[in-house]
Amino acid sequence: MTTEQQNRKNQHVSIAESFYHKEGESPFQDLRFVHHNFPNMAVGDVDLSTSIGKLKLDYPFYINAMTGGSEWTKKLNAGLSRVAAQTGIAMAVGSQSVAIREPEMIETFSVARKENPHGLIFANVGANHNAQAGLQAIEMLQADALQVHINAPQEIVMPEGDRDFSMWPDHFQGFIDQIQVPVIFKEVGFGFSKQSIQQLKALGAEIIDLGGRGGTNFSQIENFRRKEYKYDDLLDWGQTTPESLLEAQDHISSLDILASGGVRTAMDIAKSLALGAKAVGIAGEFLHTLIKEDEEALIDKIEGLKEELAGIYTLLGARTTQELAQTDIIVCGQTKDYCQAREIG
Ligand code: FNR
């Protein structure tokens, strides 16, 4: 492991954290529920559980992929894993490419299993890897699922990023054919189009995390890392998470669609579930709480999200996550304009 690679891992965390902003516009503002007056059930009737492929999750949100690959990020993975173990939510580690190349870095990821022996843990590799790398990543953590991150815009803006994406479909096919645990194809904050969802589905993919725009912005992070020419025009590239969920509507019943990107609140989670997501990933918001506060604060936040979600399910008359997916939701503003232009939703 070179210092340069450790630096990149540390930089991703510190730059993501420095750009983190809680206030301001959220693409979820364009989605609204209608208040009906008689919930006809008790908060105690709510069952928040859900499923991703064959995996059963007690809660419909998880800690999304972030880190590993350096001493500092090992500590962060350890902290996130203890929080996941204590709160019973699933967790993904960040890209394990470095540990596949440099075995001495394995424990910066495997700490996730050490601290959370019985929890649901997702391994993570990039689409530039083949199924063999995926198997190694799973083995490292005895992972319950594999995330394959799809991040062409990040690679393009990243000074040292990949420039050839022509092998991706072959790699996707390998993951689908050779990996036994559920495979989650995942964007990193640029969203999905219905055409790309259809292409993955045609290859046999079953689970897609839409990873939309609106939260952590890897164009911005990689652009900041560029020394000279800046790719400023790519700063707002991609579909927001609500736009991506609307792009996915034709596939909600035939694929397990996961939502992530810019999710901060229980209401963002509920809106994503109402648009058909089976579960919702949160990265930047949880990292911010862990870094700026501590593990206790993150546990409190997660317990608060569970409690508020049960209240929202009740107001919507939904006893289960499946029932929540039947709830009406109104699409307004720029998201509505986008749907009309794309003839979706
Ligand atoms: C990420 N993300 C990410 N995703 C992935 O699949 N592999 C990775 O290695 C990383 N690395 C990473 C580092 C840091 C510091 C952050 C904050 C995020 C992307 C993450 O899983 C998610 O898709 C995006 O961050 C969008 O979600 P949020 O942050 O808006 O909730």
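Author: What follows is a conversation about the overall fold, the ligand and some annotated residues.

Reader: What kind of model is this, and what pLDDT does the protein chain average?
Author: It is a predicted model. The protein chain averages a pLDDT of 97, and 99% of its residues score at least 70. For the complex, the predictor gives an ipTM of 1.00 and a pTM of 0.98.

Reader: How many helices and strands does the protein chain have?
Author: Its secondary structure comes to 15 helices and 12 strands.

Reader: What is the radius of gyration, and what would a compact globule have?
Author: The protein chain has a radius of gyration of 19 Å. A compact globule with 345 residues would have one near 20 Å, so the value agrees with that expectation. Taken along the principal axes, the C-alpha atoms fill a box of roughly 60 × 45 × 40 Å.

Reader: What share of the residues count as buried?
Author: Of the 345 residues of the protein chain, 48% count as buried. As for contacts between residues at least 6 apart in sequence, 75% join residues at least 24 apart.

Reader: Let us turn to the ligand. How many residues surround it, and which are the closest?
Author: There are 27 residues around the ligand, and the closest are His-149, Gly-215, Thr-216, Ala-283 and Gly-284.

Reader: How do the residues of that shell divide into nonpolar, polar and charged?
Author: The shell around the ligand holds 9 nonpolar, 16 polar and 2 charged residues.

Reader: Where is Ala-283, and is it buried or exposed?
Author: Ala-283 lies in the loop between strand 11 (279–282) and helix 12. This residue is buried, with 26 other C-beta atoms within 10 Å. Leaving aside neighbours within four places in sequence, Ala-283 is in contact with Asn-64, Ala-65, Met-66 and Thr-216.

Reader: What surrounds Ser-95, and where is it?
Author: Ser-95 is placed in the loop between strand 5 (91–92) and helix 3 (97–101). Not counting residues up to four places away in sequence, Ser-95 touches Asn-124, Val-125, Gly-126 and His-149. Ser-95 counts as buried because 26 other C-beta atoms lie within 10 Å, and the cut-off for buried is 20 or more.

Reader: At which residues does UniProt place the "binding site" feature that covers Lys-9?
Author: The unreviewed entry places that feature at Arg-8, Lys-9 and Gln-154. These residues span 147 residues in sequence, yet no two of their C-alpha atoms are more than 14.2 Å apart, so they gather at one spot.

Reader: What about Lys-9: where does it lie, and what does it touch?
Author: Lys-9 is in helix 1 (residues 3–19) and is buried, with 25 other C-beta atoms within 10 Å. Beyond residues up to four places away in sequence, Lys-9 touches Thr-67, Gly-69, Ser-70 and Thr-73.

Reader: And which helix holds Gln-154?
Author: Gln-154 lies in helix 6. With 24 C-beta neighbours inside 10 Å, Gln-154 counts as buried. Residues up to four places away in sequence aside, Gln-154 touches Gly-161, Val-188, Phe-218 and Glu-222.

Reader: Is Glu-155 buried or partly exposed, and why?
Author: Glu-155 counts as partly exposed because it has 19 C-beta neighbours inside 10 Å, while a buried residue needs 20 or more. Glu-155 also lies in helix 6 (residues 152–157), and a UniProt "binding site" annotation from the unreviewed entry covers Glu-155. Not counting residues up to four places away in sequence, Glu-155 touches Gly-161 and Asp-162.

Reader: One last topic. How far apart are Gly-174 and His-129?
Author: Gly-174 and His-129 are 45 residues apart in sequence and 9.8 Å apart in space, C-alpha to C-alpha. Gly-174 lies in helix 7 (residues 168–178) and is partly exposed, with 17 other C-beta atoms within 10 Å. Leaving aside neighbours within four places in sequence, Gly-174 is in contact with Asn-130 and Ala-131.

Technical notes:
Residues numbered from 1 in each chain as written. Predicted model: local features only at pLDDT ≥ 70, side-chain atom pairs only at ≥ 80, totals over all residues. UniProt positions renumbered as here; feature names shortened; annotations may be inferred. Helix = DSSP H or I, 4+ residues; strand = E, 2+ residues; numbered from the N terminus. Buried ≥ 20, exposed ≤ 12 C-beta atoms within 10 Å, placed from the backbone. Contact = placed C-beta atoms within 7 Å. pLDDT = per-residue confidence, 0-100. Near = placed C-beta within 6 Å. Nonpolar A, V, L, I, M, F, W, Y, C, P; charged D, E, K, R; others polar. Rg over C-alpha atoms; globule rule 2.2 N^0.38 Å.
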